Amino acid sequence: MSFPKNRMRRLRSSDSMRRLVRQTNLVLDDFVYPLFVRDGKSLKEPIKSMKDCFHFSPDTIADEAEQVASLGIPAILLFGLPEKKDEKGSQAWAEDGVIQKAVREIKNRIPELLVITDICLCEYTDHGHCGIIKACPENCQGNGRVDNDGTCELLAKVALSHAQAGADIVAPSDMMDGRVKYIREALEENGFEETAIMSYAAKYASAFYGPFRDAAESAPAFGDRRTYQMDPANSDQAMAEIALDIEEGADIIMVKPALAYLDIIYRAKQCFDCPIAAYNVSGEYMMLNAAADNGLLEREAAMSEMLTAIKRAGADIIITYFAKAIAKNLG
Ligand code: PBG
């Protein structure tokens with residue numbers, strides 16, 4: 001029997017045909033747009049390390065959030081830069097802290113927009129680590145000194161104060177062991193059982209966070225994050241991290257970064273039945289932008305391909321600095 005001609009190409013013959021058989025479509029409903037809030041007044045300052053991203057102040061952030069909502073994006077993720085940092089990151093749970101003020105402004109103005117808040121101490125501590133530092137021997141290099149359970153107690157305070165300000169979802173990104181349990185308990189004890197937890201469950205110690213650390217002024221002053229964030233070489237451990245977070249009370253789990261970890265997203269989707277979020281991080285965003293700015297890649301096409309790949313791998317939710325750009329394409 002002769003092999004049918006054009007067997008595979010028949011279904012690629014026209015745009016309509018390709019649309020008809022397309023398995024993965026980006027829809028706006030899946031996107032989360034990250035935003036940076038800095039303490040101060042009337043701010044909208046461009047962030048040098050991140051194209052088209054800005055530092056807003058609590059009094060200007062609602063305007064931006066309104067614009068995001070009007071594009072049809074269902075959720076934003078907030079990061080805060082406090083006026084002053086200290087050893088413990090105490091501005092992170094202050095009632096008049098930068099995130100608490102911003103959340104109140106946004107929820108007052110646009111109640112239907114989902115507000116997710118990042119729960120971590122690294123933007124608030126003067127040493128830039130995601131937790132508090134315990135005393136250690138003279139020759140200690142700085143690694144291994146982040147106090148796990150002491151940090152979890154503070155993270156629970158941060159999460160509760162964000163929920164009190166009106167956050168719909170809290171998103172711990174610190175990678176301490178057991179923090180989801182501490183947060184879930186604090187929320188429940190205080191009547192916030194409706195607040196969801198999106199945990200950065202499989203968060204790797206990645207070089208792709210560079211532009212963000214500049215934007216959030218959160219680079220560690222000594223050592224690095226490898227004693228709490230995951231080793232990029234591991235996949236089984238990611239499944240263990242995710243299982244633990246679900247057991248402790250996470251509603252949505254996240255894999256971060258996305259692009260170099262598509263296998264982890266895929267595997268998580270096969271193994272677990274809770275929604276999987278993927279964080280298309282600052283380094284992935286700027287890598288593409290830098291190439292496009294140098295005429296090496298077509299920005300829009302590369303952006304769609306990158307985001308489609310993340311969804312095809314299994315992500316139900318995509319957190320990306322491209323969310324506004326993709327909304328303009330899809331809308
Ligand atoms: C804070 C945090 C980081 C990112 C999100 N939350 C930086 C880090 O862990 O150093 C990175 C986001 C990005 O690169 O876009 N812990």
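The exercises below look at ring pairs, a helix contact and salt bridges in a predicted model.

**Exercise 1.** What kind of aromatic pair do Tyr200 and Tyr279 form, and which parts of the chain does the pair link?

Solution. 
- A pair of aromatic rings is described by the distance of the centres and the angle of the planes.
- For Tyr200 and Tyr279, the centres are 6.2 Å apart and the planes are at 40°.
- Planes under 30 degrees apart count as stacked and those over 60 as edge-to-face, so this pair is tilted.
- Tyr200 belongs to strand 7 (residues 196-203) and Tyr279 to strand 9 (residues 276-280), so the pair links distant parts of the chain, 79 residues apart.
- Tyr200 has 0% relative accessibility and is buried; Tyr279, at 2%, is also buried.

**Exercise 2.** Which residues meet where helix 8 contacts helix 10?

Solution. 
- The axes of helix 8 (residues 262-271) and helix 10 (residues 299-313) come within 8 Å and cross at roughly 35°.
- Helix 8 contributes Leu262, Ile265, Tyr266 and Lys269; helix 10 contributes Ala309, Ile310 and Ala313.
- By type, the contact has six nonpolar residues, no polar ones and one charged residue.

**Exercise 3.** Where in the chain do the partners Asp39 and Lys101 lie, and is each buried or partly exposed?

Solution. 
- The side chains of Asp39 and Lys101 form a salt bridge, 3.0 Å from N to O.
- Asp39, at 15% relative accessibility, is buried, whereas Lys101, at 29%, is partly exposed.

**Exercise 4.** What links Lys51, Asp293 and Arg299?

Solution. 
- Asp293 and Lys51 form a salt bridge at 3.5 Å, N to O.
- Asp293 lies in helix 9 and Lys51 in the loop between strand 2 and strand 3 (54-56), so the pair ties together parts 242 residues apart in sequence.
- Lys51, Asp293 and Arg299 are linked in a network of salt bridges.

Technical notes:
Residues are numbered from 1 along each chain as its sequence is written. This is a predicted model: local features need pLDDT of at least 70, side-chain atom pairs count only at pLDDT 80 or more; totals for chains, interfaces and linings use all residues. Side-chain values use heavy atoms; hydrogens and water are left out. Rings of Phe, Tyr and Trp (its six-membered ring) pair if their centres lie within 6.5 Å; planes under 30 degrees apart count as stacked, over 60 as edge-to-face and the rest as tilted. Helices (H or I, at least four residues) and strands (E, at least two) are DSSP runs, numbered from the N terminus. Buried means under 20% relative accessible area, exposed over 50%, partly exposed in between (1.4 Å probe, protein chains only). Axes are lines fitted to C-alpha atoms, for helices over the stretch in contact, and angles run from 0 to 180 degrees between N-to-C directions. Contact means heavy atoms within 4.5 Å. Ala, Val, Leu, Ile, Met, Phe, Trp, Tyr, Cys and Pro count as nonpolar, Asp, Glu, Lys and Arg as charged, and the others, Gly among them, as polar. A salt bridge is a side-chain nitrogen of Lys or Arg within 4 Å of a carboxyl oxygen of Asp or Glu.
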